[in-house]
Amino acid sequence: MVQSRRAVWAALISALFVIAAAATAYGDETCNSPYITNLIKGQEDYIHVWTLGVQGLGDGSDKLVTIDVQPRSPYYGRVVGTVSVGGRGEAHHMGFTDDRKYLWAGNLDDSKIFVFDMVKDPAHPSLVQTITDLPAKTKFIGPHTFYALPGRMLVGNLSNSTDKGGVTGLALYNNKGAYVSKYPMPTKDIGGVTGDGYGYDVAINPAKNVLLTSSFSGYNNYMRDLGALMKDPEAMKHFGATMVVWNLKTMQPTQVLSVPGAPLEIRWNLVPGQNWAVTAAALTSKLYLIKEDSPGHWTAKDVAVIGDPSKIPLPADISITADGKGLWVNTFNDGTIHYFDLTDPQHPKETYHKQIGKQVNMVSQSWDGKRVYVTTSLLSHWDKTGADNEQKLHAFAWDGHLLMPAFTVDFTKEKLGRPHHMKMTAKAAQQVALASAGGG
Amino acid sequence: MTGARLALALSAVALTSQAAVDPGAATAPRMEFVAPAPGSYTLQRIQPVRDAVLLSPAGTPMHLAGLTSRKITLLTFFYTYCADPLGCPFAYTTLTGLRDRLLAEPALAGRVRFVSVSFDPTTDTPQAIGWYGQQVAGDPRFEWQFLTARSVRELMPVLDDFGQDVSVETDAQGHATRTRHHMLKLFLIDESGQVREIYTLAFLQPQVMFNDIKTLAMERAR
């Protein structure tokens with residue numbers, strides 16, 4: 001009898017798998033962690049922009065800016081909320097917790113991490129917690145990437161509090177904001193390449209039990225004026241040139257890969273049978289493909305150039321499409337967005353580009369790829385100056401061939417600051433919280 | 001209800017609710033690697049479990065702390081009529097498979113328990129979870145506890161402590177229905193009541209879970 005019942009359950013579950021598989025897609029709306037729930041498959045309602053405060057502009061504080069992006073809304077394309085955090089600490093990147101209830105936002109200067117409640121009222125997020133113990137607990141500073149794991153947040157850092165160079169590591173917090181553990185970036189030879197100890201982005205492939213990290217530069221460089229930095233040959237030596245392959249379960253590095261030129265954002269193609277990742281090296285303007293060439297052994301190979309590397313276009317952010325067949329790349333210096341066809345990841349082809357302005361930095365796209373959002377600030381000391389210092393959020397519609405402007409928010413005119421990282425939210429459709437649903 | 005009728009009923013619920021359910025990132029977990037050997041790694045101490053008073057199938061108050069310590073515990077939240085194919089039924093399949101593997105090693109099985117806590121104290125009365133437990137998990141050789149709460153109000157602190165999200169689907173008029181939306185999570189808790197691993201769908205890899213249980217079992221032996 002028990003066996004019979006098991007058989008019925010097994011048959012039922014198998015049947016339902018077929019139903020589910022037909023409705024399932026891969027990737028996410030802006031390259032979120034694969035552990036994040038409630039991905040927005042349709043129209044997003046809000047874009048939240050982690051914005052660096054500018055002295056003398058508005059309240060001068062770093063803030064989370066919320067823009068209504070629902071075309072049916074009377075407030076479409078307008079700022080509907082701001083939450084200032086009181087001070088300037090080089091606001092940079094953000095990441096949702098696995099349940100998408102909270103958004104963690106980090107500062108590269110003072111290493112504070114702000115936690116916003118995004119559920120109670122997505123139009124008006126509220127600051128619920130400020131985490132300040134990262135340097136004390138880990139000696140790492142510059143929290144950059146916030147990557148959700150079940151019930152916890154993996155934080156990729158840029159620097160250390162000892163010499164403020166690029167040697168750093170990963171920190172793990174639980175979703176309540178309590179420190180759990182840390183993992184130094186490797187500085188020894190693993191697999192024939194010596195680790196430089198530098199860090200930047202974090203990206204996981206659960207099916208392969210692989211965590212990839214990339215490498216940028218330390219506080220001494222990212223908080224320095226870019227012009228002076230570029231003229232300092234010694235300082236320019238201190239950029240990351242590696243990626244690290246980690247065993248996710250054991251959190252041990254298994255390979256160091258040589259990827260010269262500061263490999264930044266990492267995007268996985270998690271479609272079954274693909275299991276490759278791409279990154280863009282900022283200083284060499286090359287796209288790299290990270291792929292498993294034999295079981296458990298990974299390689300990194302440069303597969304395309306972005307723009308004209310001799311002009312240092314500085315690819316800053318990339319966004320992979322949900323099906324893994326396309327990639328947006330923003331190059332900061334020439335203010336241009338590029339679209340690469342990744343159908344053959346060994347040979348990406350640029351099929352479109354458009355100069356948006358004097359500078360562009362982050363790029364995020366909707367799940368369906370029909371909407372693309374671009375911001376302009378790289379770092380407060382690296383942004384252009386004078387008339388070239390455009391600080392805007394640009395929204396576009398993408399028809400597969402052309403980007404068509406939808407709206408622009410001028411963050412300087414609005415007295416907001418420098419817009420950097422973006423995340424999307426949507427109002428919960430036909431759902432209420434359990435606590436308010438009644439039932440005793 | 002027979003297994004066939006139960007399956008049919010769940011099938012119907014699934015088909016009618018599918019259109020409204022955002023499948024999110026849900027995909028069946030894949031495992032394309034060799035799981036690290038038990039004891040070759042350390043599981044993080046993610047958070048302690050806070051105590052709460054819940055109800056047993058007999059309607060008896062039960063301290064959660066008593067059921068999340070002294071043994072290695074896999075705890076999950078469920079509701080008896082959940083039909084999301086990658087939700088409670090999937091967790092059930094994973095857990096029964098793990099139980100069967102554990103029973104092949106009786107000494108280890110004796111150190112492990114499963115705990116399933118209902119999301120819906122209104123429908124899932126002590127009697128209902130008792131019946132459900134017998135239907136899906138009744139095996140005297142293995143400790144599998146089913147719990148409910150006196151009320152949603154008493155359940156909420158437990159959900160909040162674990163970070164287990166759940167919302168209730170509403171109908172066109174905005175009235176709450178019985179359908180719950182939740183992220184599937186299984187919590188691996190050590191003998192001292194610390195959460196040591198959390199498995200969401202992408203992590204529901206039975207071999208890894210089995211090795212994690214063994215890894216915790218080996219900690220005491222060291």
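## Confidence in chain A

In this predicted model, the mean pLDDT of chain A is 91, and 92% of its residues reach 70 or more. The exception described here is the stretch of residues 1–28 of chain A, over which pLDDT stays under 50, although the model has 43 contacts beyond four places in sequence for these residues. Where pLDDT is low, the predicted coordinates should not be read in detail.

## Strand β1 of chain A and its two partners

Strand β1 of chain A covers residues 46–52, and seven of its seven residues are buried, so the strand is largely enclosed by the rest of the structure. In a regular strand the side chains alternate between the two faces of the sheet. In β1(A) both faces are covered, with A:Tyr46, A:His48, A:Trp50 and A:Leu52 buried on one side and A:Ile47, A:Val49 and A:Thr51 buried on the other.

Strand β2 (residues 63–68) of chain A pairs with β1(A) in the antiparallel sense over six bridges, and within that pairing A:Lys63 is the bridge partner of A:Thr51. Strand β30 (residues 418–425) of chain A is likewise joined to β1(A) by six bridges and runs antiparallel to it; here A:Met422 of β30(A) stands opposite A:Val49.

## The four-stranded sheet of chain A

Four strands of chain A form an open sheet in the order β4-β5-β6-β7, with antiparallel pairing. From one strand to the next, the twist averages 25°.

## The surroundings of A:Ser159

A:Ser159 belongs to strand β9 (residues 152–160) of chain A, and it is buried, since 30 other C-beta atoms lie within 10 Å. Leaving aside neighbours within four places in sequence, its contacts are A:Ile141, A:Gly142, A:Lys164, A:Gly165, A:Gly166, A:Thr168, A:Gly218 and A:Tyr219. Of these, A:Gly218 is 59 residues away along the chain, yet its C-alpha atom is separated from that of A:Ser159 by 4.5 Å.

## Helix α2 of chain B

In chain B, helix α2 (residues 88–103) has 16 residues, which at 1.5 Å a residue should span 22 Å, and this agrees with its end C-alpha atoms, which are 22 Å apart. The buried residues of α2(B) include B:Cys88, B:Pro89, B:Phe90, B:Ala91, B:Thr93, B:Thr94, B:Leu95, B:Leu98 and B:Leu102.

Key
Residues numbered from 1 in each chain as written. Chains lettered and ligands numbered in written order. Predicted model: local features only at pLDDT ≥ 70, side-chain atom pairs only at ≥ 80, totals over all residues. Pairing = 2+ DSSP bridges. Helix = DSSP H or I, 4+ residues; strand = E, 2+ residues; numbered from the N terminus. Axes fitted to C-alpha atoms, helices over the stretch in contact; angles between N-to-C directions. Buried ≥ 20, exposed ≤ 12 C-beta atoms within 10 Å, placed from the backbone. Contact = placed C-beta atoms within 7 Å. Expected span 1.5 Å × (residues − 1). pLDDT = per-residue confidence, 0-100.
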